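Here is a friendly walk through the structure you are about to see.

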Amino acid sequence: MLLAEGLRHSFGAVRALDDVSFSVQPGQTLAVFGPNGAGKTTLLKVLAGLVQPQHGRAQVEGGRRAIGWIGHQPQLYGQLTVRENLRFWASLYDVPESEFPRRKDSLLVRLGLQDHEHRRVSELSRGLVQRAAIARALIHDPRVLLLDEPFTGLDRMAAEELRELLSEDAAEGRASVLVTHNVDEGAELATHIAFMRAGRFAHFAPRAGRGPEQVGEDYRNAIA
Amino acid sequence: MKMLQVGRWITAIGLVLLVGVYVRALSFTPIEQSQGLAQKIFYLHVPAAIWAETAMILVGLASVFYLFTKDPRLDRFAASSAEVGTVFCAIVLTTGPIWGKPIWGTWWTWDARLTFTLFLFLLYVGYLLLRSAIPDPAMRARYAAVLGICGMCEVPFIHLSVYMFPTLHPMPIVLQPGRPKLPGDMLTTWLLSLGVFTLLYVGFVVQRYALSYLREQLEAAGEVGHA
Amino acid sequence: MRSPSLLRHAWAVAAKDLLVEFRSRTAILSAAVFVVLVFVVFNFGRDPTAVSNVDLAPSILWVTFTFAAILALNRAFQLELENQALDGLLLAPIERSSIYLGKLIANLGFVGTIELIGVPLFALFFNVPVLPYLLPLALLIALATVGFVAVGTLFSAMTVRTRFAELLLPVLLLPFMIPPLSWAVLATGRLLAGRPLSEIVGWLNMLAVYDVVFVTLAILLFPATVNE
C-alpha cells in the first residue's frame with residue numbers, strides 16, 4: 001500500500017534522508033520516533049509527493065488522491081466557515097456533490113463539531129481548529145494517513161479522540177505513518193515502530209505488544 | 001583559478017583593444033557631418049547596447065536549459081551574464097546622455113534606444129534583486145530561471161512599445177536591412193568596437209563565473225556566509 | 001477528462017479566494033478608496049487652463065488600476081502563506097496549473113471590480129464621454145489587465161517567499177507592466193478622443209499577443225515556483 005525504497009535526500013550539506021526503505025500495509029500504523037531534525041518531516045513530504053527524492057522512490061497506492069495529511073498546520077482558511085472549508089477541500093479531491101453532506105455530517109459528529117459547522121474558523125478555539133483540521137484531512141476518505149506531530153497543541157480530550165479515530169481507521173483498513181518526537185503519544189497506536197536519527201532508521205520492527213514505557217526505553221537506548 | 005586567470009587575460013586584452021579602438025575612433029576616423037565630435041560615442045554606445053540585450057537573451061536561454069537539466073553551471077552562467085549585462089546597460093545609460101547633451105540639448109530624453117536600455121536595466125536590476133533575496137541556492141536558481149525566461153520573452157515586447165514613440169535617436173545606420181550605410185572607415189571602427197565588446201563580455205562573464213564558482217566552494221566549506 | 005477538471009479546480013480555488021476577500025473586504029476597500037482619492041486630488045489640484053482633460057486622463061485611470069492590481073497580487077499568495085494552506089493545495093490531486101489559474105481568475109475578479117467602479121467614476125469626475133466607446137474600452141481594459149495580472153500572479157508566487165515581499169513584487173513587475181500599460185494608455189487616449197477604431201486595433205492586437213504569450217509562459221513556469 002505504501003512503499004519506500006532507498007530514499008536519499010539532502011538539503012545542501014544536510015542529509016535529511018539516508019537510505020530509508022520500508023513498507024506499510026493496510027490496517028498498519030507505523031510510528032516513527034526521532035529527535036527534531038532527524039528527517040521525519042522530510043520523510044513524510046517525500047511519501048506525500050511534495051518533495052521529489054534525489055534518490056530512491058516512494059509509492060503510495062492510489063496516489064495523492066488517497067492521502068490525507070494531518071500536521072500542525074491546520075490548512076484552514078480563517079475567513080471561511082468550517083463547512084465552507086470542508087466544501088473547498090472536498091472539491092479539490094473530487095468528492096461528489098451527493099456524497100459530501102453525508103461525509104461532512106458524519107465527520108462533524110464524530111469530531112464533536114456539529115454545533116460549529118457555520119462558524120468561521122478564525123473564531124474557533126485552538127482545540128476546535130485542530131479537530132476541524134482532522135475533518136479536513138478525512139473528508140475525501142483517504143486510504144493512507146500521514147501524520148506530522150498531530151498531537152501538538154491538542155488538549156487531552158481532543159488527543160484522546162484523535163487516538164480513537166486513528167485506531168478505528170486502522171480497523172477499517174487505513175494505513176498510517178505517524179511521526180513524532182514524543183514516544184508516549186504514538187506508541188499505543190502503532191503496529192510498527194521505527195526510530196529515526198540523522199536520516200536513517202536506527203530500528204524498524206513490529207511493536208509486538210510492547211507498552212509505551214518499553215518503547216520509550218528502546219528509543220532512548222537506540223538514539224542515545 | 002585557471003578560469004579566473006583566463007578571464008582576466010581576456011578582459012585585459014579587451015580593455016587594451018578598447019583603448020586602441022578609441023584612439024582610432026578619435027583620431028583616425030573621419031568626423032561625422034551632422035553630429036560632429038560627439039558622434040564618436042556611437043562607437044562605444046551601440047556595441048554595448050547590443051551586448052546588453054544579447055546578455056539578457058543568453059540569461060533567458062541558460063534559464064530554460066537550467067529548468068530542464070538543473071545543472072548549477074547554467075545558473076552560474078545566467079547570474080554572471082546578468083551582472084555583465086547590467087554593467088553594459090549602465091555604460092549605455094551614462095554614455096547616452098553624454099552623447100545626447102551636445103546634440104539634443106538635454107541630458108535625458110525618452111527616445112527609443114535609451115528608453116529600451118532603461119527598461120532592460122530594470123529587468124536586470126529585478127533579476128539581481130530577486131537573486132539576492134533568496135538564501136537557499138536551489139530555490140534561488142529556480143526562481144531566477146523563471147524570471148530570466150520571462151525577461152527574455154519581454155525583450156521583444158519592450159522593443160515593440162519603445163518604437164512607438166517618436167524618437168530623437170539617430171535611425172539605425174548599421175543594423176538595417178541591406179548594406180550598412182556607414183562609409184568604410186567608420187564601419188571598420190564600429191566593427192572593431194563590436195569585436196572589442198564581445199571580447200569584454202566574454203572576459204567579464206568568465207571572470208564572474210569563476211568567482212561565483214570559487215565562492216560556492218568557500219561557502220560549502222563553511223567559510224563565507226550567504227552573499 | 002483532464003481539461004475539465006483543471007478548470008473546475010481552478011474555479012474552486014478562485015471562488016475560495018474571492019469568498020475570503022469578500023469576507024474581509026480590506027483590500028478591495030483600500031483600492032476603491034485609492035481610486036476615488038486619486039480622481040479627486042487630480043481634479044482639484046489641476047489648473048484647468050494648463051492641460052486638456054483628455055490628455056492626462058488615461059494615465060490617471062491606468063495608474064489607479066495598476067495600484068489595485070498590485071494590492072490584489074500582494075494578497076493572493078499571502079493568503080495561502082497566512083493560513084499555511086499552500087502545502088494542502090500542493091498535496092491535493094490537482095494540476096499545479098489549477099492553482100495558478102485559480103489565483104489568476106481571483107486576481108482578475110478583484111481588479112475587474114475596481115475597474116467596474118473606476119470607469120463610471122472616471123467618466124463622471126473627468127467629464128469624459130465613455131458610453132459611446134464602452135465596448136472597445138471594455139475590451140481594451142480587459143486585455144491590458146490580463147497582461148500584467150498574469151505576470152504579476154506568477155511573480156507573486158515567488159516573492160511571497162522572500163523577505164521584503166511587498167517591495168520586491170512591484171520592482172520585479174515594473175518592466176513587465178510598461179509595455180501593456182503604455183499601449184493601454186495610448187489606446188485609451190485615442191479612443192476617448194474619438195479617433196476611429198481602426199487606429200487602436202493595432203494596440204488591441206499587440207495586447208492580445210502579449211496576453212497569450214505570458215499566460216502560457218506563466219502556466220508553464222508556475223510549477224517551478226512551487227515544487228521543491
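The report below goes through the chains, their helix packing and their contacts with one another.

## Starting point

Please keep in mind that this is a predicted model. Every value that follows was computed from it, with local features requiring a pLDDT of at least 70.

## Chain C as a whole

Chain C has eight helices and zero strands. Followed along the sequence, its pattern is α-α-α-α-α-α-α-α.

How much of chain C is buried? Of its 228 residues, 48% count as buried. The contact pattern of chain C can be described by sequence separation: of the contacts between residues at least 6 apart in sequence, 86% join residues at least 24 apart.

## A helix pair in chain C

Two packed helices are described by the angle between their axes and the distance between the axes. For α6(C) and α7(C), the axes come within 9 Å and cross at roughly 170°. Since an angle over 145 degrees counts as roughly antiparallel, α6(C) and α7(C) are therefore roughly antiparallel to each other. The residues in the contact of α6(C) with α7(C) comprise 20 nonpolar, five polar and no charged.

## Chain B and its helices

Chain B has six helices and zero strands, and its elements run α-α-α-α-α-α from the N terminus on. Buried residues make up 40% of the 227 residues in chain B. Among contacts in chain B with a separation of 6 or more, 78% are between residues 24 or more positions apart.

How do α2(B) and α3(B) lie relative to each other, roughly parallel or roughly antiparallel? The axes of α2(B), residues 42-69, and α3(B) come within 8 Å and cross at roughly 160°. They are therefore roughly antiparallel to each other, and α2(B) passes α3(B) in a left-handed crossing. By class, the contact of α2(B) with α3(B) contains 22 nonpolar, seven polar and one charged residue.

On the α3(B) side the contact is made by P72(B), D75(B), A78(B) and A79(B), and on the α5(B) side by A141(B), A144(B), A145(B) and G148(B). The residues of this contact divide into six nonpolar, one polar and one charged.

## Where chain C meets chain B

Between these two chains, 22 residues of chain C are in contact with 22 residues of chain B. On the chain C side, α6 (134-159), α7 (165-192) and α8 (197-226) each supply at least two residues. Which of the helices gives the largest share of that side? That is α7(C), with ten residues. The residues of chain C that touch chain B divide into 18 nonpolar, three polar and one charged.

## Where chain C meets chain A

Turning to the other partner, 18 residues of chain C are in contact with 20 residues of chain A. The elements of chain C that give two or more residues to this side are α1 (2-24) and α4 (86-91). The largest share, seven residues, comes from α1(C). By class, the side of chain C that touches chain A has nine nonpolar, five polar and four charged residues.

## One residue in chain A

A66(A) is found in the loop between β4 (55-60) and β5 (67-70) of chain A. Is A66(A) buried or exposed? With 20 C-beta neighbours inside 10 Å, A66(A) counts as buried, because 20 or more such neighbours is the cut-off.

Leaving aside residues up to four places away in sequence, A66(A) touches V60(A), E61(A), P142(A), R143(A) and V144(A). For a distance to check in your viewer, the C-alpha atoms of A66(A) and N85(A) are separated by 19 Å, and these residues are 19 residues apart along the chain.

Technical notes:
Residues numbered from 1 in each chain as written. Chains lettered and ligands numbered in written order. Predicted model: local features only at pLDDT ≥ 70, side-chain atom pairs only at ≥ 80, totals over all residues. Contact = placed C-beta atoms within 7 Å. Helix = DSSP H or I, 4+ residues; strand = E, 2+ residues; numbered from the N terminus. Nonpolar A, V, L, I, M, F, W, Y, C, P; charged D, E, K, R; others polar. Buried ≥ 20, exposed ≤ 12 C-beta atoms within 10 Å, placed from the backbone. Axes fitted to C-alpha atoms, helices over the stretch in contact; angles between N-to-C directions. Parallel < 35°, antiparallel > 145°, perpendicular 65-115°, else oblique. Left-handed = near helix turned anticlockwise from the far one by under 90°.
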